[in-house]
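Me: Could you take me through the aromatic contacts and one of the helices in this model?

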Amino acid sequence: MKTENKDFLPFAMPILGQEEIDEVVDTLKSGWITNGPKTKKFSEKIKAYLNCRNAIPVGSCTFGLHLSLRALGIKEGDEVITTPFTFLATVNSILYQRATPVFVDIMKENYNIDPNKIEEKITEKTKAIIPVHHSGNPCDMDKIMKIADENNLLVIEDAAHSIGAEYKGKKLGLIGNVGCYSFYPTKSMTTSEGGAVVTNDDSLAEKIELLSFNGADRNAWKRESSKGSWYYEILDLGYKYYMTDVQAAIGLHQLDKLDEFIRIREKCARLYNKLFSDVPEVSIPKVVDDCKPARHLYPIIIDTESLKIGRDEFMIKLKDMGVGSSVHFIPMHMQPYYKKRFGFNDNDYPNSKWVFERIISIPLHAKMNDEDVIDVVEKIKSIIESERI
Ligand SMILES: *Cc1c(COP(=O)(O)O)cnc(C)c1O
């Protein structure tokens, strides 16, 4: 028996239960619907889950990345190294700080930044590296942290896909100076829109939290005891980037379910791996040894050279057969805005371009079972059979 998606299997979907619904209703009825007790509780829960010192819930991972760069002092004239093979948030957070993104190409086998190409891009202006763990599959953090140490660079992990993933026993997001998770609806767990910044650096966390609340110190009234709780002091140019209790209400229960979500996705991913092992036209993402990936996505590479159709047509055929898919990502250097601003050429980052032209994220979420996986693989095989050159 396939799961309830009888006619169409989406590539990702939010999985929400009665617990989330009840908690949101409870929040709405409480009268406290912006940042408050539930966000505080969500923060405590994330800290306990990750066993880390600080977790700051924010309105999105984009906000989290921007706050992290700002709090770490990234500013105009600085260069920040990352990959073009990412969501726009990674690059925009650098641009919001008027710093310059410097791209390093990815590796074809796992779509993550190639650590061997980082050093050649380091200049006196380089201040930080933002590794993006594609689909919750860890970057080579040993090499990246070594390069960062030797060159005195900060590391901000774009762990948007990666809550719950581990690299050699360490949680992704907590290996660099700071890490950012996304709770967007298609991500591993959701709060509708939302994200969290995590770090074991207390003073950095304090800065990030202050900046997320408009730069306003809401505890100032405790010092100025003659004043009431209405009193606050603005200490910095901050942003209205905090999470609301409505979002946190969802997150409280999603976090309880996260390990189960990951377990099911891992099970499906392993079955995909097995079933694709005798399909030479399909390459599967390579996971680094000693790691526990979050399996946010299951991206495959289609060998378009051996087929009569390209990736786009392949996706349309899949859709016609009731299988959803998507592309992660359209490389940033191939997007009109960045091309115009930085004069990029499509061929500047050949691996990113190569992967982009062949990659497909096929269905992977915790509502799937073995039957669904087998069905998707059968359909992919049938397209390959009929389109083989
Ligand atoms: C989704 C995503 C983000 C941004 O997350 P939001 O919560 O939507 O702001 C950042 N980086 C990567 C790699 C992403 O996929």
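Reply: What follows covers the model's basis, then ring pairs, then a helix. This is a predicted model, in which local features need pLDDT of at least 70 and side-chain atom pairs count only at pLDDT 80 or more, while totals for chains, interfaces and linings use all residues. Residues are numbered from 1 along each chain as its sequence is written, and side-chain values use heavy atoms, with hydrogens and water left out.

Me: ok, how many aromatic pairs are there?

Reply: The whole structure holds 14 aromatic pairs, a pair being Phe, Tyr or Trp rings (for Trp the six-membered one) with centres within 6.5 Å, called stacked when the planes are under 30 degrees apart, edge-to-face when over 60 and tilted for the rest. F63 and Y241 are stacked, because their ring centres are 3.9 Å apart and their planes are at 5°.

Me: and where do F63 and Y241 sit in the chain?

Reply: F63 is in helix α3 (residues 61-71) and Y241 in the loop between β11 (233-234) and α8, 178 residues apart; helices (H or I, at least four residues) and strands (E, at least two) are DSSP runs numbered from the N terminus.

Me: where is its kink centred?

Reply: The kink in α8 is about 45° and is centred on K257, the bend being the angle between axes fitted to the seven residues ending at a residue and the seven starting there.
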